[in-house]
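Subject: Structure for your review

Dear colleague,

Please find below the structure that I am handing over to you. My findings follow it.

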Amino acid sequence: MEAAVQDYLDMLALERSGKTYTKKDHNRVLRLQLQGRSHGSVEFKHQNISAVLAGMGLPYIDGYKPRGNVQALLREVVGERVSPLIDN
């Protein structure tokens, strides 16, 4: 969970700063860390992270439209990661 959230936030920072990146490359590298996860499962997790951010009124990656059925743990992890960023 932590790795997926960090990867997503890294991509979001790149997108917001106008830098280029490829979701496909990020997905591949993340799957190496997560072992046994499919391309689709990583995509779905990133879409759920978008849903959490959208629910918080924050920007999210355009290519990962928000999806439902978000785990409570995911909301918690995303909240812990972004709270220090928005409190400053």
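Is the crossing of α1 and α2 left-handed or right-handed? Please bear in mind that this is a predicted model. The crossing of these two helices is right-handed.

The geometry of this pair is as follows. Helix α1 covers residues 2-16 and helix α2 covers residues 23-34; their axes come within 10 Å and cross at roughly 160 degrees. Angles over 145 degrees count as roughly antiparallel, so α1 is roughly antiparallel to α2. On the α1 side, the contact is formed by Ala-3, Ala-4, Asp-7, Met-11 and Leu-14, which meet Lys-23, His-26, Leu-30, Gln-33 and Leu-34 of α2. Of the residues in this contact, 6 are nonpolar, 2 are polar and 2 are charged.

Helix α1 itself also deserves a description. With 15 residues at 1.5 Å a residue, α1 should span 21 Å, and this agrees with its end C-alpha atoms, which are 21 Å apart. Its buried residues are Ala-4, Val-5, Asp-7, Tyr-8, Leu-9, Met-11 and Leu-12. Just after α1, Gly-18 adopts a positive phi of about 80 degrees.

Key:
Residues are numbered from 1 along each chain as its sequence is written. This is a predicted model: local features need pLDDT of at least 70, side-chain atom pairs count only at pLDDT 80 or more; totals for chains, interfaces and linings use all residues. Side-chain values use heavy atoms; hydrogens and water are left out. Axes are lines fitted to C-alpha atoms, for helices over the stretch in contact, and angles run from 0 to 180 degrees between N-to-C directions. Helices (H or I, at least four residues) and strands (E, at least two) are DSSP runs, numbered from the N terminus. Angles under 35 degrees count as roughly parallel, over 145 as roughly antiparallel, 65 to 115 as roughly perpendicular and the rest as oblique. A crossing is left-handed if the near helix is turned anticlockwise from the far one by less than a right angle, and right-handed if clockwise. Contact means heavy atoms within 4.5 Å. Ala, Val, Leu, Ile, Met, Phe, Trp, Tyr, Cys and Pro count as nonpolar, Asp, Glu, Lys and Arg as charged, and the others, Gly among them, as polar. The expected span of a helix is 1.5 Å times one less than its number of residues. Buried means under 20% relative accessible area, exposed over 50%, partly exposed in between (1.4 Å probe, protein chains only).
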